[in-house]
Structure formats: C-alpha cells, structure tokens
Amino acid sequence: MLVITNAKVFDGRTMLSGLRSVTLDGNTIAAIDAPPATADDVIDAAGMTLMPGLISSHLHPDFYKFDIADSDRLGKERPPGVLMAIGIRTCRVLLESGFTGYSGASCSNDIDAQLKMAIDEDIIPGPRIRACGHHLGTTGDMNNGGRWWKAYQTPGTDVCADGPDALRRLVRQEINRGAETIKIFASAGHGQPNRTTRNMSRDEIAAIIDTAHERGAKVRAHVADKAMIMECIELGLDVVDHGDEVDAEVIAAMVEAGTFWVPSLIFLRSVLELGLGENLGVRREQYDHVRAMLPAAQEAGVRILIGDDYSGVFRNMMDDDPLDHQVGNYGREFAYYGQIDGLSPEVVLSWGTLNAGQLLVDSPARVGVIESGALADLIIVDGDPVADLSLLARPAEALRAVIRDGAVVIDRMSERVHSRNEELCPQ
C-alpha cells in the first residue's frame, strides 16, 4: 500500500479542511484518514495539495502544427506513423501537465484506441483514455464538400456515409476498431463557416445515437446552433461540443437529459484575437454570449467540462499559441474560466476532475474524485490551486507528482525539498 500523508486534499468537489492522509491499495483509493498499520511506501506531501489528476474532455491527440487554411485533409497531412508519434508525444505532454486522462474528440487512424492499447499493455506511459474515432459525416457536408478532386482515397480524420443504414454500419465499424465515443458534426459554427443548413438528417442522427448506445458507446457532436442542439439532445446525445447558441431552454434540456457540455472558448478567443472572426464565422457577440451562459448553466446543474481544440494551429500567428500541445497550455483553461463572474475556483476545478471523470469512465468505475473505491489517478501540487488556479498552467514550477492508476509516473518531490532547504540555508 502507498500512503500519502500531510496533504491538503481537493477531492474533486471541494478543498477538505486540515491536512489529510490518503491510502492507495493498488490502483484504487482505499481510505482517507485511515492509514494502515504498515505501508509499502509513504509520500509526505508536506502541506502540498493532493487532488485528482486533471482530465481533458475534448482532445485530438494527432492534431499538431497543421495549417488551418491548408488544402490537405485532416489526418492526411502526415503519414500514419508520424501522426501516431504525435499522439505519443501528446500523451507525454498531458502527463507532464498533470493530466492523467482524456476523452477523445476524434482522431485519424484509430490513434485513440491504439494509444489506449499501448498504454494498457505498458508499452508507453500515458493517461487514461476514452477512445474516440473519426468524424462521422455525410456526402457534401462541411467536412466532405469543397475540393472534391482531393477526396480521401483512404480515411483521414473524416469518414462519411449516407442514410441511417450506412451510418449505422459505420458506427459499428468504429466501435469494432476500439472507439468508445462516436463523434459527429451535426452543424457548422464554432469556427466552421456555414456551407449547409445541417450536416445530417434527423433520421441519420437518431440511427447513430441509437446504434452507439446499443453497443455501449457514447456520442458527442460538434453542434453550435440552437435548433440542432435541441434536436440532438432530444435524440439522446451525450456530449455537446461547443454549443455556441446555448440559452436557458437548452440549459434546461441538458439538465433534464444529463448531457455534458464542452464550451471550448479558448479557440474562439484565439480566433477573435487574431482578427480571423469574419473568415471563420466567429462573432464577438457569440463568444460573449457563451461566457455569459456558463454561470447559469453551472447553477442549473449542467455537467460542464474542460477541453479545447489543441493543435498548434495558431503557432505561426501568435508568439504564445494557447492551443499548442505544450506543457502547461492545457492547464490555462482553469484560470481562464475562473475569471468569469459567478464561477468559483472549486467549481471550475470540478469541470476537469469530478465532471470529466463521469465522462471518462463508465459506471461503476469512478475517477476524478478522491474517495474510497475511486481509481487512483492523482497529482500533488505545490501550492493551493483553489487559491491560485494559474498554478495548473505552471507545472514545471508547481507539479510535484503524478500518480496514474496507483503508480507514481512523475516524481519531483525531492525538488521541492531541495528548494525548501535552499530557502532555509542560502549559500
């Protein structure tokens, strides 16, 4: 057994009072404040904060340094082996940023499922993964139209079919290849200029969602306009990605259905800062509207999630691209959302722990919380993230340990001890 002592504990909901001890038995949390008589190992947190590992709920592991205006198709900009190498690099960046899990939001070449396999078989280190598959779409939709002479000869990130039966077959193929989440593009918006009123018929969306649920998979949708959001929720959608036209009626529908929402506002902010709003169909009013809806959605009980379209897509336009896959960038979201009036630091932290864990693993497993029986994906932070959310954007300074599935995969505890000794006994 591993016992972590003298720790402040953020349990995924709130910062517990005083200093606590947490006992791990293998890959699960055995107890809080009930240390065993003997332990195989002890970590003295020395007043630092023990909390659930962070979880991104919208991640594309193979999106990296592509040109948003490039005429090539996503998932075809590099050979499959290079895209997998990017995925392996992303896994390391996640761990070094304090993220012990991610729920995929689409990938090419079944990369999510293959990364998960390699991690589970201890071939590479990496986070806990809920594997997503390709973007599922239809002929001539926003991801399939345009340059028809550059159509895929083999699948990239996007695959398409037409009609309920053909899309039902695609869903089953995705699940057979390891996808636990099916991703669809129900509408344009959120940086995807309108080409079509809708990307799928109601019958097609219903067939996808019903088939996925029959096979135990979830469905997430890039969907921005209100009418399509409401339709998708009514048909049983699990995750609304973006939801730019969320309003009080949509919030009520999400609460009743238990739908997750990933607002992913860093992308919109970056588009506006670079003056690309008109080109990409992003308006300041739209961005401000989503920010204004977040406190209302939280108050109503919507399960809001952390995650965004990290890709490095703006790296040639910004000195410090907040959406590049670099250590510390993912953690910037917490301080960003924490600045919105009506959102407390503990609430925002729960988006990347408690709420995210409910999407990442299927019940009865639990992750994203510190409680007896939960999976032991944990981090130790030097400082109090509730008092300063920006600590999570500075892992080189603040992240002291990462525990993944009960095993210590990053250990910088001695660095903190050495630093403290230098303060007490300067040369």
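How many cavities of 30 Å³ or more does the structure hold? The structure, a predicted model, holds one.

**View 1. The largest cavity and the residues around it.** Rolling a probe the size of a water molecule over the atoms shows where empty space is left. Here the largest cavity contains about 50 Å³ of space. To find its lining, look for Leu54, Ser97, Gly98, Ile379, Val381, Leu391, Leu392, Pro395, Ala398 and Leu399. Two elements each give at least two residues to this lining: strand E16 (378–381) and helix H13 (395–398). Sorted by class, the lining has eight nonpolar residues and two polar ones, with no charged residue among them.

**View 2. Helix H1 meets helix H2.** Two packed helices are described by the angle between their axes and the distance between the axes. For H1 (residues 80–96) and H2 (residues 111–120), the angle is about 55° and the axes are 10 Å apart. That angle makes H1 oblique to H2. The two helices form a right-handed crossing. On the H1 side, follow Leu83, Met84, Gly87, Ile88 and Cys91; they meet Ile111, Gln114, Leu115 and Ile119 of H2. The contact of H1 with H2 is made up of seven nonpolar and two polar residues, and no charged ones.

**View 3. Helix H4 packs with helix H5.** H4 covers residues 202–214 and H5 covers residues 226–234. Their axes lie 10 Å apart, at an angle of about 40°. Are H4 and H5 roughly parallel or oblique to each other? Angles under 35 degrees count as roughly parallel, and H4 and H5 are therefore oblique. H4 makes a right-handed crossing as it passes H5. H4 brings Arg202, Ile205 and Ile209 to the contact, while H5 brings Met228, Glu231, Cys232 and Glu234. Four of the residues in the contact of H4 with H5 are nonpolar and three are charged, with no polar residue.

**View 4. Helix H5 again, now with helix H6.** Stay with H5 and look for H6 (residues 248–257): the axes of the two helices come within 10 Å and cross at roughly 15°. H5 and H6 are therefore roughly parallel to each other. The crossing of H5 past H6 is left-handed. From H5, the residues Lys226, Ile229, Met230 and Ile233 take part; they meet Glu249, Val250, Ala253, Met254 and Ala257 of H6. The contact of H5 with H6 counts seven nonpolar residues and two charged ones, but no polar ones.

**View 5. Two backbone details, at asparagine 6 and proline 364.** Most residues other than glycine have a negative phi, and most peptide bonds are trans. With that in mind, zoom in on two places. Asparagine 6 is not a glycine, yet its phi is positive, at about 55°. You can find asparagine 6 in strand E1 (residues 2–9). What kind of peptide bond joins serine 363 and proline 364? The bond is cis, with an omega of about 15°. Proline 364 sits in the loop between helix H12 (354–360) and E16.

Methods:
Residues numbered from 1 in each chain as written. Predicted model: local features only at pLDDT ≥ 70, side-chain atom pairs only at ≥ 80, totals over all residues. Heavy atoms only, no water. Axes fitted to C-alpha atoms, helices over the stretch in contact; angles between N-to-C directions. Helix = DSSP H or I, 4+ residues; strand = E, 2+ residues; numbered from the N terminus. Parallel < 35°, antiparallel > 145°, perpendicular 65-115°, else oblique. Left-handed = near helix turned anticlockwise from the far one by under 90°. Contact = heavy atoms within 4.5 Å. Nonpolar A, V, L, I, M, F, W, Y, C, P; charged D, E, K, R; others polar. 1 Å grid on protein atoms, 1.4 Å probe; cavity = no way out; pocket = protein on both sides within 12 Å on 5 of 7 lines; lining within 4 Å. Points joined across faces, edges and corners; volume = space filled by probe spheres on them.
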